[in-house]
Amino acid sequence: MAGHGDADSMSEIRAGAVLNYLNLGLRIGVPLVLTPYILAVLGPAEYGLYMLASTLLVRLYLSDLGRTTGTKYLSEYRARGDAAGEARFLGLLAGLYSLAGALLLALGLAVYPFLGDIFPKFTESELGLYRVLYLMTLVNAALMFPGRSLAGIADSRQKFAVPGLIALGAGVLNAVGTWLLLEWGWRSVGLVAFNIATGVLALVLNMLYCFVGLKARLSLRGAWDATLCRSLFAFSWWMLLNQLINMLNAGTGNYLVAMTLGADAAAVYTCGLQIYANYFLLGGCLAQLFLPRVVGLVVRGASPAVQTEAMARLGRVQLAILLPVALVLLFYGRQFFELWVGDKLGQQAQLSWLIAIALIVPQTFSLVQALGWQISQARNALRQRVAIMAFNSVLFVVVSYFVCSSWGIAAQAVWAAVSILLQLVMLNVIHYRSLGLSPVRFYARTFAGWYSRCAILLPAAWGIGALIPPTGWWSLAARIASFALLYALVCRFTRATR
């Protein structure tokens, strides 16, 4: 029976991985197609405001605070076979996160009167529009907070197929609806409202699946457990700090650019940031599926060496997926940006490309060890990790303000890259000293065999670019297709050491 359960689990993980990548392809492909159209309809200034609100909305949807908290604790209840405890925990979780949503709304409303001071470069009309978009995303976040805390039910049971299908359907609906709204003359407020509506619909369908399809139970009787509440609060507190820190990190450089340089400059930075955000999503697509299995490893007492090896196994897969994307952006990304938004941004499109590259290259080394974050959660070892990230993020924000003001967007992108590398070094120290993981062994196992492959791929990618001139979309497609074929051949006839 155990073997049958493991087979079912791996089947769900494979289905979840396929659906995650389909969803990811949709979330990457749709903005790539629609961004030039949205930019043309809204103009650079309103597009910059729309993307500021959308960035906040996306970060709130992708925030794993409630979901990961639920997944982690529910996985432990499932591992122990404690159905009654699981029901009481769900009741406690729903109550606590309803209070958290109310607190988030109160804090957001407290910030609202000071938006003009936060974004002094905005004109009166730009500030008025952003106030409306800000309130819409704030109220949505407060209402969605309790529901997202229960989304870990399906994850803890390693049921990824149906939630993946729901997300895919919502993505298709959102893409078609956005295009239709633009055709009908709607602008940024209508687009954000529709994005919110599709997110709420997906959340409701997920809740129906969990409580009707999976027959999860939520019990308020005996839900209040002081010991569990303290444990949950401590874990959630560090998770919350982590989310706030992530929102201060390199991904929010567009806010700092908007504050110091204005809405037009924010549009340029956002175009580069959008490609980086998609790359970041690509890197985290697999890792989130493995939290229940990592919790199982920890509950069964797996050694740090076994956990390091699990990180390396996933890291090799991550690297095989991320490396060709990074190389394509490095060698052919300038042409892509010029074709994509060059007619709207002019020479600034090249600057958007440099921003994307500056963020993507260092982040690759962090994304391949994404499972380290799941291990930290499973082992309740978030405190030092979050403290390090907090220090780095505060440093990033403070320095970024002066960098943007004094030297502009390009310098801000370089500083963001330095900040990513600095954080990576500090996190690896934490992995070694607090968790007993071996970063040296991890990177040795993950990158083994890839040095010889890169010795072939790097000059070949440059050669393809030299042989096929950058004349338009067809030449870009030919460059990418040629490199993809080369990459497949190199991987087929060379072997990455395991």
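Colleague: Does Tyr487 count as buried or exposed, and at what relative accessibility?

Modeller: Start with the classes: buried is under 20% relative accessible area, exposed is over 50%, and partly exposed lies in between (1.4 Å probe, protein chains only). Tyr487 comes out at 11% relative accessibility, so Tyr487 counts as buried. This is a predicted model: local features need pLDDT of at least 70, side-chain atom pairs count only at pLDDT 80 or more, and totals for chains, interfaces and linings use all residues. Residues are numbered from 1 along each chain as its sequence is written, and side-chain values use heavy atoms, with hydrogens and water left out.

Colleague: Next, the rings. How many aromatic pairs does a search of the whole structure find?

Modeller: Rings of Phe, Tyr and Trp (its six-membered ring) pair if their centres lie within 6.5 Å; planes under 30 degrees apart are stacked, over 60 edge-to-face, and the rest tilted. Searching the whole structure gives 17 aromatic pairs. Take Phe119 and Phe122: the centres are 4.8 Å apart and the planes sit at 5°, so this pair is stacked. Phe119 is buried because its relative accessibility is 5%. Phe122, at 8%, is buried too. A second stacked pair is Phe483 with Tyr487, at 6.4 Å centre to centre and 25° between the planes.

Colleague: Where do Phe483 and Tyr487 lie?

Modeller: Helices are DSSP runs (H or I, at least four residues), as are strands (E, at least two), numbered from the N terminus. Both residues belong to helix H20 (residues 473-493), four residues apart, or about one turn of the helix. Phe483 has 1% relative accessibility and therefore counts as buried.

Colleague: Which residues do ring pairs link into a cluster?

Modeller: The cluster consists of Tyr112, Phe119, Phe122, Tyr130 and Tyr134.

Colleague: Which residue lies over the face of Tyr112?

Modeller: The test: NZ of Lys or CZ of Arg must be within 6 Å of the ring centre and within 35 degrees of the ring normal. Over the face of Tyr112 lies Arg131, at 5.2 Å from the ring centre. Elsewhere, Arg453 puts its charged end over the ring of Trp450, 4.4 Å from the centre.

Colleague: How many salt bridges does the structure hold?

Modeller: Side chains of opposite charge can pair when their charged atoms come close. The cut-off is a side-chain nitrogen of Lys or Arg within 4 Å of a carboxyl oxygen of Asp or Glu. The structure holds five salt bridges. One of them joins the side chains of Arg187 and Glu46, at 2.7 Å, N to O. The pair links distant parts of the chain, 141 residues apart: Arg187 is in the loop between helix H7 (161-183) and helix H8 (188-213), Glu46 in helix H1 (residues 2-62). Arg187 is partly exposed at 38% relative accessibility, while Glu46 is buried at 12%.

Colleague: Which residues do salt bridges with shared partners join into one network?

Modeller: Glu309 and Arg316 meet at 4.0 Å, N to O. Both of these residues are buried. Arg445 also meets Glu309, at 3.1 Å, N to O. Arg445 counts as partly exposed at 22% relative accessibility; Glu309 is at 15%. Salt bridges that share partners join Glu309, Arg316, Arg441 and Arg445 into one network.

Colleague: Now the voids. How many cavities of 30 Å³ or more does a search of the whole structure find?

Modeller: On a 1 Å grid over the protein atoms alone, a cavity is a set of points where a 1.4 Å probe fits but cannot get out; lining residues have an atom within 4 Å of a point. Points join across faces, edges and corners, and the volume is the space filled by probe spheres set on them. The search finds one such cavity. The largest cavity holds about 40 Å³ of space.

Colleague: Which residues line the largest cavity?

Modeller: The lining is Thr308, Met311, Gln369, Asn428, His431, Leu437, Ser438, Pro439 and Phe442. Helix H13 (304-345), helix H17 (409-433) and helix H18 (439-447) each supply at least two of the lining residues. For classes, Ala, Val, Leu, Ile, Met, Phe, Trp, Tyr, Cys and Pro are nonpolar, Asp, Glu, Lys and Arg charged, and the others, Gly among them, polar. The lining divides into four nonpolar, five polar and no charged residues.

Definitions and conventions:
1 Å grid on protein atoms, 1.4 Å probe; cavity = no way out; pocket = protein on both sides within 12 Å on 5 of 7 lines; lining within 4 Å.
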